[in-house]
Structure formats: C-alpha cells, structure tokens
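Hello,

Here is the structure I promised to pass on. Please open it first, then read my notes below.

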Amino acid sequence: MIGVSGMRGTVGVGIPGAANRITGLVKNANSTRLIGQPLGKHLEEKLGRPIRVENDANCFAISEAAHGAGAGADAMFGVILGTGVGGGVVMRGECIGGANSIAGEWGHNPLPWMSPDEYPGAVCYCGKRGCVETFLSGPAFERDFAEHSGLAMNGPAIVASSAQGDSAAHAALGRYHDRLARALASVINVLDPDVIVLGGGMSNLPRLAESTSVLIPRYVFSNAVKTQIVLNVHGDSSGVRGAAWLWPHDAQGV
Ligand SMILES: [Zn+2]
C-alpha cells in the first residue's frame, strides 16, 4: 500500500504467473515476456521498498475470501475467466501456494469429458492441446462461436445476439456453460470446496453461475452437490484488493 506523505508503505503485486519461492524468477506467465525475470527484485530496486508478488488469480481468491463472495467459507476456489483462465485456493483464510507454486492452475488441465468434436482441442501457449483455457477464455469463446457459425463477433455481440433469439449465439453460450460445469466438476472432485467464486470478464456472461450450478451435478462424483457457485463481489478491483492483502495489516504504512 502506498503510504501518505512521509510514510513508507508496502507493495503487493498480482501477476499472470507465479514467482519461484526460492529464486523469485517468474514462470507460467501468459505475458511470456515476464518468464524468467526477477520481477519482484526489480520492482524493489526501483521503488526502494519491500514487494510481495503473487499469482493474480490467487490475489483474486484472497480478496473474495477476505471480504467477498467466499467470506466465511472453510474452503473456497476462486476462478478467473478472462483472457486467460486461472484459479486460487483459500483454505480457512490462507491462500495455498503449493510445492510448485501452481495450486489452483486448473486452466492448464485438459477439458474433462471431451466430445469427439472437441477432441483434441486447440494448441495452448503452454505447449499442450485442449487445456481448459483454450475452451473457457474470452478469445476461446469468440473462436468457438466463429467456428460453428462462420461469423466473427466479439463476446458482448454474441451475448446480445443470443438475447435477440439468435440460435447460433444461444448454442455457443450453452456450450460454454457445459464446458465450465465439466471443468469445475473436476475441481470439486479433487478439492471439494464450499464455494466457487467466478471472476474475470467472462464471469459477466448472463446467468453464468445459475446455469453452471444446474449442470454441475451431471459431472461431480456425488449424489448431491452442495458447492455454491457464485459471482464475485469486488469486480475488476478484486485482484488489486487481494494484492494489498498479501501484507498483514500491521506491516502496512510503515
Ligand atoms: Zn495450457
């Protein structure tokens, strides 16, 4: 946090990737220019104050667990559906980084239960094919619509067309809901969170949480699914809030 005049605040930074806990070097960034760079160290040198760097989806999850849609949950999974697809795990108020700093990176698992026309999926920047991200990111949604309809439209235009009764746009939204349900079901089978909080630009699709909640029981290995699928509370600012929460309050403003 930037302190008021004469004070030296702490700084938290959310990035699309992860910083190695030993070396501080960035990996897994979809802004690939950051890969291999000691971003935190460079920022500390430039700003002359301590920096904490964390995955942006983890920052989002921390924010929503602290005072958002996941507040009070024993276990929550925060989901980013945007240009990329990421996630963060918060257990009893603590963000789980993991042995490899990749906890929650469901976006680079393959889409579960692919149909023959989905297999093997598009090539992902990570080097694999068929990653969840290649089906559920914003660009993936637009590409899927274009492949099925022959029309190039952006996400908001597809949503508007669906609202006006266009069957191709309606079908694209249906495929998106079902793929999200499948992808989240695989997370529930492993983590079994109380709450899944949806964030990122694609979480603004109409009725996304409701539609996904209806579809998820088809795929989860349980005869009943109590997991709540909810929208975030803090919108586009949620990741920034979580970055600020990387420091304990007694460290801020010092
Ligand atoms: Zn991938």
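Start with helix H5, residues 155-163, where Gly-155, Ile-158, Ser-161 and Ser-162 are buried. Seen down the axis of H5, these buried residues fall within an arc of 125°, so they line one face of the helix. That arc is taken from the directions from the helix axis to the C-beta atoms. An α-helix has 3.6 residues a turn, so residues three or four places apart point the same way.

Two notes on the source. This is a predicted model: local features need pLDDT of at least 70, side-chain atom pairs count only at pLDDT 80 or more, and totals for chains, interfaces and linings use all residues. Residues are numbered from 1 along each chain as its sequence is written, and side-chain values use heavy atoms, with hydrogens and water left out.

Now some terms. Buried means under 20% relative accessible area, exposed over 50%, and partly exposed in between (1.4 Å probe, protein chains only). Helices (H or I, at least four residues) and strands (E, at least two) are DSSP runs, numbered from the N terminus.

Back to H5. On its other side, Pro-156 and Ala-163 are exposed. The buried residues of H5 pack against helix H4 (138-149) and helix H6 (167-191); contact means heavy atoms within 4.5 Å. Asn-154 caps the N-terminal end of H5, with a side-chain oxygen 2.9 Å from the backbone nitrogen of Ala-157. After H5 comes Gly-165, with a positive phi near 100°.

Next, the zinc ion. Which protein atoms are its donors? They are His-108 (ND1), Cys-124 (SG), Cys-126 (SG) and Cys-131 (SG), lying 2.1 to 2.4 Å from the ion. Donors are N, O and S atoms within 2.8 Å of the metal (3.2 Å for Na, K and Ca); water is not among the atoms, so sites may look incomplete. The angles among the four donor atoms are 102 to 118°, and the site is tetrahedral (four donors, all angles between 85 and 135 degrees). Along the chain, the donors follow the spacing H-x15-C-x1-C-x4-C. Cys-124 is buried at 7% relative accessibility, while Cys-126 is partly exposed at 35%.

Last, the backbone. Most residues other than glycine have a negative phi, and most peptide bonds are trans. Arg-92 has a positive phi near 45° and is exposed, at 63% relative accessibility. Arg-207 has a positive phi of about 60°. A cis peptide bond joins Tyr-119 and Pro-120, with omega about 0°.

Best wishes

Note on methods
Polar contact = N/O pair within 3.5 Å; in protein donor to acceptor, adjacent residues only side chain to side chain. Tetrahedral: all angles 85-135°; square planar, octahedral: opposite > 155°, others 65-115°.
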